[in-house]
Amino acid sequence: MLKHRLGLLVAYIGLTVFMGYQATKVRFSYELPQILPESTTDFQLYESFKARYGDNSNVLVIGIATDQLFTFPIFRDWYELNHKIKKISGVKDVISSANLVEIVRNDSLKRFDFRQIIPNKPITQAEVDSIKAKISRLPFYQGFIISEDGKAHLMAIMLEQDALNHSLKTPIDQIKREALTFENLHGLKVHLSGMPYIRTEYVAKVRQEIVLFSILAVIVTGLILLFFFRSWVVMLISLGAALAGAVWSVGFMGLLGHEITQLTSLLPSLMVVIGVSNTFFWTKKYHEEFGRLGNQRQALQSTTERIGETTFWTNLMATIGFGIFSLTGSKFLAEFGQIVALSLLGTYFIGLALLPILYSYSSALTEKQLRRLENKNIGFFLKIIDGWVHHRAPVIYVSVAALLIVALVGLTQIKNTSFRSDNLPQNDLLMNDLDFFKRYFKGVMAFEINIDTGRPGRVLTPQTLTKINLLQKEFAQYPEFTKPLSVVEATKFIYQSYRDGHPKYFVLPDALELSKLAEYAGNFKSNDNRLSSFMDSTRRYTRVSFQINDVDTHRIAALCALLQPKIDSLFNMDTNTGKQVEKEERYEAKITGSGVVFSKGNDYLLQNLVESTLLVIVLIAILMVVAFGHWRLILIALAPSGLPLVMTAGIMGFGEIPLNATTTLVFCITFGFSSMSVIHFLTQYQDQFRNNKKSVSEAISSTIQFAGISMFYNAIILFAGFTIFTASSFKGTVALGILVAITLLMGMLSNLILLPTFLLWMNKKLVNG
């Protein structure tokens, strides 16, 4: 490398420029995390549901709290807001109190006509009063457009499908400006929600945080390096190599066609932290070798030979810790695992080549520089640890056992409960808006019933409508749900108009009345048929749509467990005989919706956590056997790496930190990093024991002193690097940063205290055996 340093330097710069170009192709994902694997039945049901009826994620809602909407000045401007938004490019339709329709019975043509309640802009209070009276006689809209108590009003905005992805920001910005104008005119707080708005705010926060974390990572790790080495050259070389790794990480995303999500947005800063960690070990070894050899070129060669193999194994351990997520089947976790695994390997090869080349262009080290990492306080601390290891083994074992018991108690209290809003930025504005829609409209999260009647034309039969009506009455017993939207509600609306519009006829008619309705309903104009959103063209499939609060995943799971058997019974049980109906008469009615898929995904995470962690442990154990060739040594080494995981689980239990899409990553990540410290310790130990011909006790003491300093400083770098994530507005990212940082410190102490204690115990067993 030193012989061809200029050519290699140019090649790496060229590769980094190429990866930087690939990074410019990466776009931000407007989708909330897809945790559930595509192969699962629940995911496939939801996808087929969306394909049949369309995706409700294109609806943005505006809400205001007032009982004065039907005063002329406010209603006039609400009407204007409705029509201004309708004209915005990318907006498909707008529904509010300002443009509702009523159904009118047309006896001459034997059909029902949809007619605008407000054909023209109202110009007097009397017109507005008339509009209010008409709407108040239409129960269909109560609880949707107007809250049940009449104190809040909603405007639903359907966006064009093409506006749902990367052009989403433009129409939403215009909608927000128009809404703010209305707010300023009347002093009424305007609340926005719905998936398009939530996704836009989500992406805006992710954009901000990817820049924030990258800057913080550079500043924090740079200052730490400057403090450790007191050298601008060391800091700039280390950061240069680390930043190249960060560029490569985003470049890999471009090459693989992945988008930036909340999780992958952490990659650039994460690669800076890991890259600096790698360069620290390399630079410290370079200082040691220069002090031993006194020649820069020889020191660089010796450092590359000695540290290259060690850093290879340590990076491979970390790569496994992250890369195991690529095998989960979850797109959200798999993409993160793939990119981090590739980035870690890329960071290793960047450091392996660039560090000796860049240092070869710098001045030789001075005696003062060689003493920079000497610290009497750390040396004294390590001597105390050495004394404990050699003379206080029983105390160490008892203390570890006590901590383990406490941690296990905490572990039993961990909950895998989370809320959909946990994945959202926790700023006051967005969460306050969500609270508004929860309070007045019971939330905006979809809870759907997908019904396959078994054959075409069966949806609108009296039998099916009666079953759906019974289903809706069952759901009405649970306060979490809104009023439903379904063909039954539409039929009630039609029947009310058939009976001259009196509200008392907003009911499901009997079979005889349904047959009369059929004479009119069959003549709907094709472009006025509003039932297409609730049944397919063959009238075999239909849906019942509810909205639900952002309740926790346990409650959603409990509701599914309670309601699904009742749904099966309602649709497929003969009420006279109490037996299931014949196969050809059965219905298939299944619960689905975004809330249900999210809940199932959270359950999947818990199962995946156990499997992934065990697989990581097995794979790392195999690699350790390959690296060190001694199975007893590996068994001893795994315990100090696993102990911090149990303690972290205990902290999560006592701290009421739930398992979710982000916090589940802690265990595999920290086990990988903790194993890195084990590799450094064991490599140094074997070098002292075999190459320097020291006894086991002497080798352990030397390793604690020499490797301990590197492990201590590296833990500080990683601790500070991960704590930058506490600046996030996402609760999961904050928890990830805190938990990983704490676990890494515990891992460092475990590997400095418990690992050498086990090594001494193993040696005694071998000698006595």
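Me: A nonpolar core is a set of buried Ala, Val, Leu, Ile, Met, Phe, Trp, Tyr and Cys residues joined through side-chain atoms within 4.5 Å, where buried means under 20% relative accessible area (1.4 Å probe, protein chains only). Which residues touch the most other members of the largest nonpolar core?
Reply: This is a predicted model, in which local features need pLDDT of at least 70 and side-chain atom pairs count only at pLDDT 80 or more, while totals for chains, interfaces and linings use all residues. Residues are numbered from 1 along each chain as its sequence is written, and side-chain values use heavy atoms, with hydrogens and water left out. The largest core holds 144 residues, and those touching the most other members are Phe322, Met624 and Phe673.

Me: How many residues does the second, separate core have?
Reply: Trp78, Ile117, Ile451 and Leu517 are among the members of this other core. Its size is 91 residues.

Me: At what angle do helices α6 and α7 pack?
Reply: Helix α6 covers residues 195-229 and helix α7 covers residues 232-256, with their axes 8 Å apart. Axes are lines fitted to C-alpha atoms, for helices over the stretch in contact, and angles run from 0 to 180 degrees between N-to-C directions. On this basis, the packing angle is about 145 degrees.

Me: Is alanine 241 buried or exposed?
Reply: Alanine 241 lies in helix α7. Beyond residues up to four places away in sequence, alanine 241 has contacts (heavy atoms within 4.5 Å) with Thr279, Ile350, Leu354 and Leu355. Because its relative accessibility is 4%, alanine 241 counts as buried.

Me: How far apart are the C-alpha atoms of alanine 241 and leucine 358?
Reply: Along the chain, alanine 241 and leucine 358 are 117 residues apart.

Me: With which side chain does the side chain of serine 545 make a polar contact?
Reply: Serine 545 belongs to strand β8, residues 541-548, and counts as buried because its relative accessibility is 8%. A polar contact is a pair of N or O atoms within 3.5 Å; within protein, one must be able to donate a hydrogen and the other to accept it, and residues adjacent in sequence count only if both atoms are side-chain atoms. At 3.0 Å, the partner is arginine 543.

Note on methods:
Helix = DSSP H or I, 4+ residues; strand = E, 2+ residues; numbered from the N terminus. Buried < 20%, exposed > 50% of the residue type's maximum accessible area, 1.4 Å probe, protein only.
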